Amino acid sequence: MTLHVVLLLGLILFALGMVAVLSRRNPIMVLIGVELMMIAAGMNFLAFSSFVGPDPVVGQMAVLLLVGLAAGETAIFLSMMLVLHKTRRRIDVEELTEVRE
Amino acid sequence: MMSTSVAIVCLAAVAIAGAAFAAFRTHVLHAIMGLGACVFGVAGIFIWLGSPFVAAMLVLIYVGGITVAMVFAMMLSQSVSQGMKTDVRKVALAVIAAGAFVLGVGNLIGSTEFASNGGHAPAAWQTARIGRALLEEYNIAFELLSVVLLLAVIGSIAVAAGERPTGRRGSADGQEGAP
């Protein structure tokens, strides 16, 4: 039963991150949404390894690697945003369409 | 047992409130603070699940690193810090999509019976075991992650510095050539 509670909490956090990613035009808000989704995924890893998996080290390793990846991703994302701010004053996710064509 | 479940409910409420704050507030700083609160709630859940080390790492890296980097980026660029108008129709569509996702996956979670392992011994959660696993079974993943982090730092410095180094060299050459 407790596993279900943690999974539902992870599901809610993931859905809130999804709302932020889908609805926001500000790149930092999109980044916050992605981080929320990654936290939710990490919580599911730890919950499964705590209640179902044979060895809790596996889930803890997955969370640690996930957090490291999130840190690297944030560094790249924020530096890209600073460059965008330098080249064009206004950063709107919907206006960044040059690569699409 | 009763107090434990109350604590879990409080931690989950903190996490959900923070995430909702992050998802729906228009001001960037409020959203970043919501993310921080959400991380604290999730770290509490991690401690309850049995892993204080991972909870500490989560708080250190997210609150101490990622959130602070976001605040710095927000302060450096004026256009990011001012909240943009959010399209109500887009928010409604996103909420509908996320609601459908929650309904579908929630149904799946509710109807699934997970096999239980009967709980781990406290010795299985020792931090020393994580250190040993990092240097034995997960050595390659650990090294790969450190290379990825190094490349991310170098790449972000290169991207943020942009054209400046070549421009400076050009002007330095010009100064050398002038006399």
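Between chain B and chain A of this predicted model, 12 residue pairs are in polar contact, with both members of each pair at pLDDT 80 or more. The side of chain B that touches chain A draws at least two residues from each of α1 (2-24), α2 (28-49), α3 (52-76), α4 (78-81), α5 (88-111), α6 (127-135) and α7 (139-161) of chain B. By residue type, that side of chain B divides into 58 nonpolar, 16 polar and 5 charged residues.

**Extent of the interface**

- In terms of residues, 79 of chain B are in contact with 71 of chain A.
- The area buried between chain B and chain A comes to about 6400 Å², and carbon and sulfur atoms give 80% of that area.
- The size of an interface is often expressed in this way, as the accessible area lost when the parts come together.

**The salt bridge**

- A count over all chains gives 1 salt bridge in the structure, and the count between chain B and chain A is likewise 1 salt bridge.
- The partners are A:Asp55 and B:Arg129, whose closest N and O atoms are 3.2 Å apart.
- This pair crosses between chains, with A:Asp55 in the loop between α2 and α3 (56-87) of chain A and B:Arg129 in helix α6 of chain B, a helix that also supplies at least two residues of the side of chain B that touches chain A.
- Side chains of opposite charge can pair when their charged atoms come close.

**Confidence**

- For the complex, the predictor gives an ipTM of 0.91 and a pTM of 0.87.
- Chain B has a mean pLDDT of 85, with 86% of its residues reaching 70 or more.
- Over residues 170-179 of chain B, pLDDT stays under 50, and the model has 0 contacts beyond four places in sequence for this stretch.
- Where pLDDT is low, the predicted coordinates should not be read in detail.

Definitions and conventions: Residues are numbered from 1 along each chain as its sequence is written. Chains are lettered from A and ligands numbered from 1 in the order in which they are written. Side-chain values use heavy atoms; hydrogens and water are left out. pLDDT is the predictor's confidence in each residue, from 0 to 100. Contact means heavy atoms within 4.5 Å. Buried area is the accessible area (1.4 Å probe) that two parts lose on being put together, summed over both. A salt bridge is a side-chain nitrogen of Lys or Arg within 4 Å of a carboxyl oxygen of Asp or Glu. A polar contact is a pair of N or O atoms within 3.5 Å; within protein, one must be able to donate a hydrogen and the other to accept it, and residues adjacent in sequence count only if both atoms are side-chain atoms. Helices (H or I, at least four residues) and strands (E, at least two) are DSSP runs, numbered from the N terminus. Ala, Val, Leu, Ile, Met, Phe, Trp, Tyr, Cys and Pro count as nonpolar, Asp, Glu, Lys and Arg as charged, and the others, Gly among them, as polar.
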